[in-house]
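Hello,

Here is the structure I promised to pass on. Please have a look, then read my notes below.

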Amino acid sequence: KVAIKGIERELICPACKELFTHPLILPCQHNVCHKCVKEILFAFEDSCADGGSESSNQSSPRIKISTCSMDRIDRISRSGTKRNSLTPRSSLFPCPGCQRDIDLGERGINGLFRNFTLETIVERYRQAARAAVAIMCDFCKPPPQESTKSCMDCSASYCNECFKIHHPWGTVKAQHEYVGPTTNFRPKILMCPEHETERVNMYCEICRRPVCHLCKLGGCHANHRVTTMSTAYKTLKEKLSKGIDYLISKESEVKAHITQLDLLLKETECNSERAKQEASHSFEKLSHFLEEKKSAALRAIEASKNLRLEKLQMQAEEYQGLLENNGLVGYAQEVLKETDPSCFVQTAKQLHVRIQKATESLKSFRPAAESTFEDFVVDTGKQEEILGDLSFHSSGLEIPEINEEQSRMYNKALISWEWPGKTDSADTYILEYHKLNREEGSVTWQEVEVCSKSKVICDLDEDSSYAFRVRGYKGSISSPWSREVVLRTPPAPVFSFLFDDKCGYNSQHLLLNARRTSVESRAGFPLLLGSERLQVGCYTTLDYIIGDTGIAKGKHFWAFHVEAYSYLVKVGVVSSNKIQKLFHNTHDVTSPRYEQDSGHDSGSEDAFFDSSQPFTMVTLGMKKFFIPMTAAFPKDPASRILPLPPRLGICLDCDKGKVGFYDASLMECLYECEADCSSIMYPAFALMGGAAVHLEEAVTAKYREYHDDI
């Protein structure tokens, strides 16, 4: 048998870290004290009422129960307040055992079962811990006598005399069940918390809890699979007995594992001390190297200082001699007193040269040495960056890779990354980015700590390139930096709009989704009937659709995606004063040269056709991007046809009157032309045959979280 004192760890409440008191069984099958459950829910409600949404967005708040809060529960319990006032309103409970949010249902705490079996075991443990400490009689006059038995029906303890008085022979109380002295009184029959007058007689195999017949008939367990209580008792007892017998039979293996774990504990202690010594030695070595560099730098500065002081001192002394009655001037004044010409000439020649040099230096004064020490400034920028990256590198932690296909730049930057392998995934990540600027010599990385494998970056400059890199951390161990990925922001602020389902929208040929962000053209039966009467030539209709918001001024950018199967799509802009002409010009001829009545077969119509359009658009289709014919682009189709990018963008500059068509994945301009922006401009699209266009969704902070959940 297992000693009762060896199971204390199983009898500790995970919330208050003390022995269980009236434990309740949560839906996750963990046990928590009744007071602890209430206190956690009260604290949880208070944090939500105070606006603690920031902590609730990440994970369940783990409430630490304070003594004053427990006193609050006791105070409310003793005050005689109704039971409902003691019951918190929230049904979401952060379990301290499994660290998950558990839904307690509509009844909340009142729907939880009390674990009487665990209470009994705790009481046996308390008695074993107390040893000779006696349980006193509840009815003796002071001083009370030691109790000899406890009545389970009266929930009280008695000495022999008091028991005879309160349980006389021949009365109903004489039939009460009594046991040895105890403080743990449990009901004889387990009642249903949902229906308090009904006893539980079935076991729900789905919810793993006892239920009554009303729960099965019309309650929340109506459609659940249930079994009788006796069958559940027998089945679970057999499973538990088999599990215990198996563990007992593996006692030698368990002891071997314990021995191995003890050895690992000792090795961990030794290895951690060795790792500390090695890390300390590495930092001491680095510190010693820095001290040597510091000493060498200080010596160099000191030597330069002494040399400069010496030069400046000599120069000062020379200029001091230029004062009257001092130095060179005083000496020259004394020489002038010489009356003998031969002696004067002998001395004055050399003195005159010195006087001339002093005069020239006085006219162009320059200090003999610089007072600044700009040449001795130590640049530690790169070294600080390297020291900032100083951490415990592990060869087992793989390098994350930024996924350029999932990452994109639009109104914000969405950066996604992944691991090459499925193992050794990091706990947290550090994402760094900086703006590429040729003028700046040093690079300053901006750092963001991320717990997921994607991050939305805001407030980036327009029409700029940014470099991104990421590394993973598992505890204090970090992976090397990933390869730097350069992404470019749009050339202008992102313009948001939806497809207009009213102005000129042809619902027979075009199909809009519910959010009006995607449009699809269907050739359908009407086009087949229209072409049935044609014997020669090929007249087809372009179905136009515009954006629901116009642009009057400024520079704007929007992006979209054209399905690869699309036969013909035209994209661009149209002015408000030409919209009616756009929708009334229904018979757009794709190739008039083969018209039966044209009388010729020339290509001159192509140029006329492009120049006569009332709007600025380019043609896409069959996975190609067609650059219109201009003076810069000759008629040779090979030079005007480009592969269709995965994402396309349009940049409209109303102030300059220009429209640019971009590869939105790389933010490279494919074609730019002039546009008449004298009136309000609208995004315009035209589709023919089987084709589809999807507007680019704006990047939001919850964008990747939503897709990660899916």
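This is a predicted model: local features need pLDDT of at least 70, side-chain atom pairs count only at pLDDT 80 or more; totals for chains, interfaces and linings use all residues.

**The surface patch**

F283, L286, F289, L290, L387 and L390 make up a nonpolar patch on the surface. Helix α9, residues 251-320, supplies the largest share of the patch, with four residues. F289 is in helix α9. Its relative accessibility is 45%, so F289 counts as partly exposed.

**A pair within helix α9**

The structure has 16 salt bridges. In general, side chains of opposite charge can pair when their charged atoms come close. One of the salt bridges joins E273 to K276, with the closest N and O atoms 3.9 Å apart. Both residues sit in helix α9. They are three residues apart, which is about one turn of the helix. E273 has 39% relative accessibility and counts as partly exposed. K276 has a relative accessible area of 53%, so K276 is exposed.

**Pairs that link separate parts**

E404 and R483 also meet through their side chains in a salt bridge, at 3.1 Å from N to O. E404 is in the loop between β13 (401-402) and β14 (408-409). R483 is in the loop between β20 (477-478) and β21 (485-488). The pair therefore ties together parts that lie 79 residues apart in sequence. E404 is partly exposed, at 41% relative accessibility. R483 is exposed, at a relative accessible area of 56%.

Now for R469 and E432. Their side chains form a salt bridge at 2.8 Å, N to O. R469 belongs to strand β19 (residues 465-474), and E432 to strand β16 (residues 428-435), so this pair ties together parts 37 residues apart in sequence. Are these two residues buried or exposed? R469 counts as buried, because its relative accessibility is 8% and the cut-off for buried is under 20%. E432 also counts as buried, at 7%.

There is a network too: salt bridges with shared partners join R408, R647 and E696.

How do helix α10 (residues 327-335) and helix α11 (residues 341-363) cross? Their axes come within 11 Å, and the crossing angle is roughly 150 degrees. That makes α10 roughly antiparallel to α11, because angles over 145 degrees count as such. The crossing of α10 and α11 is left-handed.

Best wishes

Note on methods. Residues are numbered from 1 along each chain as its sequence is written. Side-chain values use heavy atoms; hydrogens and water are left out. Patches are made of residues with over 30% relative accessible area and no salt bridge: like charges are joined within 9 Å, nonpolar side chains (Val, Leu, Ile, Met, Phe, Trp, Tyr) within 5 Å. Accessible areas come from the Shrake-Rupley method with a 1.4 Å probe; for residues, only the protein chains shown count as cover. A salt bridge is a side-chain nitrogen of Lys or Arg within 4 Å of a carboxyl oxygen of Asp or Glu. Helices (H or I, at least four residues) and strands (E, at least two) are DSSP runs, numbered from the N terminus. Buried means under 20% relative accessible area, exposed over 50%, partly exposed in between (1.4 Å probe, protein chains only). Axes are lines fitted to C-alpha atoms, for helices over the stretch in contact, and angles run from 0 to 180 degrees between N-to-C directions. Angles under 35 degrees count as roughly parallel, over 145 as roughly antiparallel, 65 to 115 as roughly perpendicular and the rest as oblique. A crossing is left-handed if the near helix is turned anticlockwise from the far one by less than a right angle, and right-handed if clockwise.
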